[in-house]
2 protein chains.
Amino acid sequence: MPMLPEPVVLIGAGNVGYHLGRRLHDKGVRIAQVFSRDLRKAQDLALVVGSEATDQLQAVLSLDTGLYLIAVKDDAIEEVAGQLQPLVGAQCLIAHTSGTVSSTVLQPYFARSGVFYPLQTFSRDRVPDFSQIPFCVYAADEEVQEKLLALAHVLSDKVYPISDQERQVLHVAAVFVNNFSNYLFGIGHQLLSAEGLSFDLLRPLILETAAKVMEHDPDKVQTGPAKRGDQLTILSHLRYLQQYPEYQNLYRLISYAIQSGTTRKNQ
Amino acid sequence: MPMLPEPVVLIGAGNVGYHLGRRLHDKGVRIAQVFSRDLRKAQDLALVVGSEATDQLQAVLSLDTGLYLIAVKDDAIEEVAGQLQPLVGAQCLIAHTSGTVSSTVLQPYFARSGVFYPLQTFSRDRVPDFSQIPFCVYAADEEVQEKLLALAHVLSDKVYPISDQERQVLHVAAVFVNNFSNYLFGIGHQLLSAEGLSFDLLRPLILETAAKVMEHDPDKVQTGPAKRGDQLTILSHLRYLQQYPEYQNLYRLISYAIQSGTTRKNQ
């Protein structure tokens with residue numbers, strides 16, 4: 001087993017940085033420092049993981065060994081990398097945690113760089129089951145990739161070498177299954193609110209909808225009026241949705257797609 | 001507490017009838033008979049719940065007390081009710097389990113009729129947590145409603161008197177959060193398959209997406225490029241989706257809706 005890249009300097013203390021930092025600490029990986037432009041966030045996390053905090057890039061520690069983990073917003077990664085390089089040197093080991101940003105944005109600045117992407121949705125106040133989070137790891141340099149894989153294995157049972165192209169597809173898919181599903185949950189919430197009905201009525205259904213595809217492929221468990229071809233119900237729903245033109249449009253579009261069996265077609 | 005309507009004759013042994021029958025039996029409610037046009041299905045369920053089976057409506061038992069529970073397809077409910085009435089009499093207690101069909105379709109045939117709708121998605125091989133299933137109960141007649149409510153309380157901790165109009169809205173909302181979310185899961189599945197990636201990569205994300213809204217309102221936990229206004233990522237995703245015009249269209253539509261904050265608007 002390759003030596004773990006340790007200690008870790010966390011650049012960013014948002015939701016991803018926060019939970020990654022806590023998990024690293026819980027698994028015995030030393031966090032040397034937490035940087036955030038928001039000093040309060042850096043301090044909050046530093047306190048939990050027993051490290052120091054800073055809001056000054058100039059104050060970021062120079063590591064002989066170890067890893068810089070960049071968990072800042074997608075569009076800030078390249079800028080932060082460019083600013084860090086003269087401070088910490090081009091030879092350090094560095095990775096970002098983004099689902100979308102190419103691994104190549106770090107390469108102009110750092111010889112030993114890669115991607116360390118946990119495929120999960122993080123909120124400050126929910127600790128996810130880290131052992132089940134797929135870690136998508138990539139580095140152009142094989143030794144760097146080995147080190148990142150080794151670190152990922154400390155955090156999770158699900159570790160995958162994933163190329164930039166594959167990660168891009170994963171991220172598109174994640175938008176559909178997470179962001180867009182949550183938007184649909186929001187539609188349910190709004191429809192019920194308008195009638196004075198509690199969202200609690202839908203919660204068990206939502207949980208079961210997700211639970212079903214833990215064991216089955218989604219197209220094997222598709223149900224509902226569109227799948228059954230129940231035109232009377234579809235028409236009655238569309239009539240009700242006349243007061244919400246956007247939802248009506250979405251209802252029509254997805255019902256049509258389900259009926260035409262798009263998800264079962266192969267490319 | 002009103003007397004339980006017992007025994008129950010189950011008309012229909014599809015997924016809803018099957019799981020309702022099992023739950024009733026488990027809770028000590030006697031099932032007198034199971035009817036299904038598919039004798040095998042009737043027999044399978046009858047065996048589990050210790051009752052007799054038939055595929056002939058003419059052979060359906062006449063109950064002095066008790067309840068006929070119609071769990072057949074939506075568009076067959078009225079026809080079955082019309083055929084049953086001369087066989088079992090207009091005075092029997094009867095309810096259907098549909099999310100969409102009006103309570104009024106039974107009224108021309110039966111004086112004591114109502115709705116007994118478990119708001120959940122049922123598959124043959126998954127036993128859902130019945131105690132958490134919202135039971136939506138309605139009857140025009142108060143005494144009938146009391147009896148149906150009493151029976152629902154035996155099966156679940158979540159029992160609600162729900163009017164026809166409210167149930168219609170619930171069903172539209174259920175289509176969005178269940179059928180349509182599952183369709184989005186299917187898109188994720190297909191995008192990954194096309195790249196040779198396992199759907200397992202998305203499963204923890206899907207489960208967490210549902211888990212989040214168990215505690216929070218969906219619009220409070222909305223994340224992603226559309227919510228952040230990250231146009232570069234959205235454009236890059238749309239470019240990738242050019243090979244799937246329907247998915248591209250859906251991506252554009254929902255991203256736009258999230259950005260314009262539709263779910264946060266109040267009626």
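Reader: Which residue in E2(B) does Leu10(B) stand opposite?

Author: Leu10(B) faces Val34(B) there. Strands (E, at least two residues) and helices (H or I, at least four residues) are DSSP runs, numbered from the N terminus. This is a predicted model, in which local features need pLDDT of at least 70, side-chain atom pairs count only at pLDDT 80 or more, and totals for chains, interfaces and linings use all residues; side-chain values use heavy atoms, with hydrogens and water left out. Residues are numbered from 1 along each chain as its sequence is written, while chains are lettered from A and ligands numbered from 1 in the order in which they are written.

Reader: How many bridges join E1(B) to E2(B), and do they run parallel or antiparallel?

Author: There are 4 bridges, and the two strands are parallel. Two strands count as paired if DSSP finds at least two bridges between them. From E1(B), the chain passes through helix H1 (residues 15–26) of chain B to reach E2(B), in a right-handed β-α-β crossover. Right-handed means that, with the strands pointing away from the viewer, the path from the first strand over the helix to the second runs clockwise.

Reader: And what is the bridge partner of Leu10(B) in E4(B)?

Author: Leu69(B). E4 (residues 67–70) of chain B pairs with E1(B) over 4 bridges, in the parallel sense.

Reader: Which residues on the faces of E1 of chain B are buried?

Author: Val8(B) and Leu10(B) are buried on one side, and Val9(B) and Ile11(B) on the other. Buried means under 20% relative accessible area, exposed over 50%, and partly exposed in between (1.4 Å probe, protein chains only).

Reader: What joins Glu6(B) and Pro7(B)?

Author: A cis peptide bond, with omega about -5 degrees. Pro7(B) is in the segment before E1 of chain B. Most peptide bonds are trans.

Reader: Switching to chain A. How many residues of strand E6 are buried?

Author: 6 of the 7 residues in E6 (residues 112–118) of chain A are buried. E6(A) runs parallel to strand E5 (residues 93–96) of chain A, with 4 bridges, and antiparallel to strand E7 (residues 135–139) of chain A, with 5 bridges. Phe116(A) has Val137(A) in E7(A) as its bridge partner.

Reader: What should helix H9 of chain A span?

Author: The expected span is 1.5 Å times one less than the number of residues. For the 15 residues of H9(A) (residues 245–259) that gives 21 Å, and the end C-alpha atoms are 21 Å apart, which agrees.

Reader: What covers the buried residues of H9(A)?

Author: The cover includes helices H5 (164–194), H7 (225–228) and H8 (231–240) of chain A, together with H5 (164–194) and H9 (245–259) of chain B. Contact here means heavy atoms within 4.5 Å. Among the buried residues of H9(A) are Tyr247(A), Leu250(A) and Ile254(A).

Reader: How many residues does the contact take from chain B and from chain A?

Author: It takes 95 from chain B and 95 from chain A. The two chains bury about 9200 Å² between them, 66% of it on carbon and sulfur atoms. Buried area is the accessible area (1.4 Å probe) that two parts lose on being put together, summed over both.

Reader: By what turn can chain B be laid on chain A?

Author: By a turn of 180 degrees with a shift of 0.0 Å along the axis, at an RMSD of 0.0 Å. That is the relation of a two-fold axis. The superposition is by least squares on the C-alpha atoms of residues with pLDDT of at least 70 in both copies.
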